Amino acid sequence: MLKLKSITPLGADEARVDRFTDLTITEVTERALVSLTARNDQADAIRDKARGLLGIDLPDIGDSAMGNTHSAFWIGPESWMIDMPYSGNEYLARRVKHAMGDSASVVEQTDGWCRFDLEGAAMTSVLERLCNADSANLAEGGVTRTQLHHLGCFLWRQKDGFAVIGPRSSAASLHHALLQAAQSVC
Amino acid sequence: MIINHPLLGARDAQEFTYLGDASLIHRPDWQGEDPSGQFHDYLYLRDNPAGQHRELWFHEVGDRSWLVVTRNTLTHEITNVELARDVARREGRGK
């Protein structure tokens, strides 16, 4: 029998944590992601279905909706990303597709992305050095996608910090950029 | 250059990629009359105006929507930005 062992986007066994004076950068692994895009003229239908399935209203442009353990954030016109704990939701895409039927296109995204959470007083200063997004004025729950170290990354304002969600295949580059900016600020 | 995205507001042009003339929306019907002639014109014949130009931009590292941007090729002044989807629908293309 195969003994497969999962590794983090940075290639280690354990998620990485980097601590600076005013900033902590935490690699977040245990999240399941699924994208949900309405098919032609089906946006209202999938809003209803999503409410039934997730118990949350799909958010408006540039916003997110938080449930107890899961959330959804806006990624494009009539398109959202659903975020849940990975454990217990290994087949999230299948479940969402089953609920949506032909009204939406559903794509498994879990292993396509890496996520780094930034917390601390210096987080805005670090992000200002890395991207164009107005991170200081992003309200809690606000989300935007922007270019960070030549990578398209989601910037998601959480209660206590920012989640930076970038392409997993470039996780090391993104991490390097975050560390460099943090070192110059902290 | 700043592009005023209809949904997201002012965004730097480095977040976008440029495709070309907005007439590329009008892809010919391959089952229509004289498709090879129509596709030849579609692929190779472009206007190259010095002045106002409607063009397609893709918000690649943003929300990945296609935009129709009206830009002055002499001054780079952008006078109008619309979602390509809205433009296509207005022209009767519901699909």
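The model is predicted, and local features are described where pLDDT is at least 70, side-chain atom pairs count only at pLDDT 80 or more, and totals for chains, interfaces and linings use all residues. Residues are numbered from 1 along each chain as its sequence is written, while chains are lettered from A and ligands numbered from 1 in the order in which they are written.

**Chain A as a whole**

Select chain A and colour by secondary structure, which comes to four helices and 11 strands (DSSP runs numbered from the N terminus, with helices being H or I of at least four residues and strands E of at least two). The radius of gyration of chain A, taken over C-alpha atoms, is 17 Å, close to the 16 Å of the globule rule for 186 residues, so chain A is as compact as a globular protein of that length; the rule is 2.2 Å times the number of residues to the power 0.38. Of the 186 residues, 35% count as buried, a residue being buried if 20 or more other C-beta atoms, placed from the backbone, lie within 10 Å of its own, exposed if 12 or fewer do, and partly exposed in between.

**The two domains of chain A**

Next, colour domain 1 (17–29 + 113–185) and domain 2 (31–110) separately; these bounds come from an automatic or database domain assignment. The C-alpha centres of the two domains lie 23 Å apart, and the contact between them takes nine residues from domain 1 and 10 residues from domain 2, where contact means C-beta atoms, placed from the backbone, within 7 Å. On the domain 1 side, strand S8 (113–119) and strand S9 (143–148) each give two or more residues, and S9(A) gives the most, with three.

**The largest core**

Now select Val34(A), Leu36(A), Trp80(A), Val126(A), Leu155(A) and Val164(A), which have the most contacts inside the largest nonpolar core, a set of 50 residues (buried Ala, Val, Leu, Ile, Met, Phe, Trp, Tyr and Cys residues joined through C-beta atoms within 7 Å). Helix H4 (residues 171–185) of chain A gives the most to this core, with six residues. Both domains of chain A give residues to the core, so it lies between them. Centre on Val164(A): apart from neighbours within four places in sequence, its contacts are Arg115(A), Phe116(A), Leu118(A), Leu148(A), Cys153(A) and Leu155(A).

**Helix H2 of chain A**

Move to helix H2 (residues 92–100) of chain A and show Leu92(A), Ala93(A), Val96(A) and Met100(A), which are buried. Seen down the axis of H2(A), these buried residues fall within an arc of 95°, so they line one face of the helix; the arc is that of the directions from the helix axis to the C-beta atoms. They pack against strand S3 (31–38), helix H1 (43–54), strand S6 (79–85) and strand S7 (104–108) of chain A. Turning to the face away from the buried side, one finds the exposed residues Arg94(A) and His98(A). After H2(A) comes Gly101(A), with a positive phi near 60°.

**Chain B and its contact with chain A**

Finally, select chain B, whose elements run β-β-β-α-β-β-β-α from the N terminus on. Buried residues make up 17% of its 95 residues. The contact between the chains takes 14 residues from chain B and 11 residues from chain A.

Key:
Contact = placed C-beta atoms within 7 Å.
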